[in-house]
Amino acid sequence: MEQTIKKLENIFKIVKKEKGKRENLNILEVEKDSLHAVLSYLRDNESFKHLALVSCVDWIEDNKFQLSYILWSYQRRVNLIIKIFIDRDKPEFKTIMNLFPQAEVYEREIKELYGVNFEGNPTQDEEFVLEDWDQIPPMRRDFDTLKYSNEMFGDRDSEVKKTNIRKIISDYTDEWRRK
Amino acid sequence: MWYKILYGLLVVVGGLAYGLLLGGISRKITARLHGRRGPTVFQNYIDLIKLIRKKTAISHGTMFFLAPMFRLLGGIGVLLLVPIVTKSAILSNFSFGGDLIVVLYFMVFGCLGMALGAADSGHPHSALAPTRGLAQMAGYELPFLISVIGLAIAHNTVSLGTLVSAQQGGILHWNLFQYPFLSIAGFIAMLGMYMAYPFSVVMAPQEIAVGPPTEYSSTFLSFMFTGRSLFGVGKYVLFMDLFLGGATNLLEAFVKTFAIFLFVVFITGVFPRYRTEQAVKFFWTYPVVIGLIDFIRIFIK
Amino acid sequence: MKDNKYFLDDRPEKISYSEVWQKFFNWARAKSLWVVAYGTGCGSIEIPPMVTSRFDAERFGVSNVGTPRQADVLIISGYLAVKTLKRVIRVYEQMQSPKYVVGLGACTVNGGMYYDSYNTVNLVDQYVPIDVFVAGCMPRPEAILAGFAQLMKKIKEGRADGWKQYLDNLDKYRKNQEKVIKNWKIPNYNW
């Protein structure tokens, strides 16, 4: 795996290298303009033929979205995560459907839940999970889900909520111990 | 005579009670084969009582309403025309000289009514089922007719009463032993008629929901349920008359129909399901060839 | 009734029963519960063991049917997303009265672990009337059978009248449903 990363370093600019929590997991941060080149290099020359997932992280403090492309090599049984950062105010990126066609669905999901626009993906505006959603994308961290849930779906005004359940349980166990 | 009508009502009510009980027993046996305890044998009575009092608020046109009646009429027609106990005033029913032909007509009539209603209900699953059902009917009608017409030619009659009296005088006079190949063809065709398990592609539980009655609910469904039970009993009695020598008292009729019922249930319990074209292919090869052996033998004689 | 209409667009009439035979028919209803095979959440994985050999719900008369038209009981099995709620309403309205609803799991009671989710309905009984709640996350098949025993008891006593309340308070339920389902595309009344 080190050899692969060294080869990559010779060709592309690697911003940051990290070791994953598992033995066979490595994380590389690259520049967002070179992502397509990195992915196609890994796919064609280094046997990373399987795109396992495309995911997104909202770094609201840095005003950035992180896009992670998780790859898997069947021959070497290793995971490799390629991550890039894009601007949060202008969440736009190019699709990777030309390299991995199955990315269409992942990008559609990210578009719905984070609002990242993938240029060149034909189906990204279709509804994925939510139907008739009229708020800001719900997985962004400035969206208050508890407030929305309480306004939209309400909560049960019952005695159960007002009582202190922990106290009831501890009282009960104390009583049980005394016996 | 007017009291014949009373006798007819008695037979219908008794036949319904017996048919529902047989259905319950078959559910119990299937459950025991699965290693379950299963419902009580009276579960079908309870289901029927519940269905009668359920409300209905749907309408799919005239044919949708008529189809359960057709089914019920087919069931009552078959049950009332076959002699359950020969030479009995009540239980010989409305048997007459040409009753076999009318019974054959009623058996198709019920299925056709069902198919029309199901197709009218507008649900894709219930529209799919009649195509399968009619294909399968085309399959089993051929061996069934070979066996019935073979018997009719052999005994030179189309009356069930005459057929029964020709089989009297010992177990070896039964058509089951006189014409064994015709009997095999007839009983295989019967499995298809009951939509028993190798040939259950019409109702196809788990595959197309519940088949033809997908849109039927409440009272309509209870009529279908009733019709099916009566139809079932009628066909058991018909096969008893055709192959097992009829019955001279009520106990004999119970024992013989129950034996045929057990034959169907045990085959149902252990077999997987044929596709439509496989079922039709099966019906048009093995039972037809087996039946033709006796058929030709009758002609040569 | 009108001929050749696939949906009845009229408002349903209120149903009243004569009381004479009620006890007898309630007994039959309690003994023969047909459950529509429709899984809405993670709890539907508990239904197959309930009806097959291990727990065998059929010995209580509980069996599965594949179509809502013939069913008596709708099981809301676990969390209910807004998208699924639309389908649940349609299935519930296609069932014929009398009909009962069983809510499985903490999610149907008050949202459970998804109480703050943007997509999970918290109080299911605001949208469809629920006769019996079964608590747990998820309830085991024994608990579901206990819930069914409770439902049978309620039916026998004549207290399981959620379907009557739904017809009586239809406007209230519709208002709640339309608050959550913003784009109401399904027919207004589909029984």
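**View 1. Packing of helices H1 and H10 within chain B of the predicted model.** Helix H1 (residues 3–34) of chain B packs against helix H10 (residues 250–270) of chain B at an angle of about 40°, with the axes 10 Å apart; helices are DSSP runs of H or I of at least four residues, numbered from the N terminus, and axes are lines fitted to C-alpha atoms over the stretch in contact, with angles running from 0 to 180 degrees between N-to-C directions. The crossing of H1(B) and H10(B) is right-handed, the near helix being turned clockwise from the far one by less than a right angle. Contact, meaning heavy atoms within 4.5 Å, involves residues of H1(B) including B:Tyr18, B:Leu22 and B:Ile29, and residues of H10(B) including B:Phe254, B:Phe258 and B:Gly269. By class, this contact has eleven nonpolar, three polar and no charged residues, where Ala, Val, Leu, Ile, Met, Phe, Trp, Tyr, Cys and Pro count as nonpolar, Asp, Glu, Lys and Arg as charged, and the others, Gly among them, as polar.

**View 2. The interface of chain B and chain C.** The contact takes 34 residues from chain B and 37 residues from chain C, and the two chains bury about 3100 Å² between them, 56% of it on carbon and sulfur atoms; buried area is the accessible area (1.4 Å probe) that two parts lose on being put together, summed over both. B:Lys50, B:Arg53 and B:Lys55 supply 23% of the area that chain B buries against chain C, more than any other three residues. Five salt bridges are counted between chain B and chain C, each a side-chain nitrogen of Lys or Arg within 4 Å of a carboxyl oxygen of Asp or Glu, and the side chains of C:Asp72 and B:Lys54 meet in a salt bridge at 2.7 Å, N to O.

**View 3. The interface of chain C and chain A.** Here 24 residues of chain C are in contact with 21 residues of chain A, and about 1800 Å² is buried between the chains, 49% of it on carbon and sulfur atoms. In chain C, the residues that lose the most area to chain A are C:Lys83, C:Tyr118 and C:Lys182, together 38% of what that side buries. Four salt bridges are found across this interface, and C:Lys182 and A:Asp134 meet through their side chains in a salt bridge at 3.2 Å, N to O.

**Notes to all views.** Residues are numbered from 1 along each chain as its sequence is written, and chains are lettered from A and ligands numbered from 1 in the order in which they are written. In this predicted model, local features need pLDDT of at least 70 and side-chain atom pairs count only at pLDDT 80 or more, while totals for chains, interfaces and linings use all residues; side-chain values use heavy atoms, with hydrogens and water left out.

Note on methods. Helix = DSSP H or I, 4+ residues; strand = E, 2+ residues; numbered from the N terminus.
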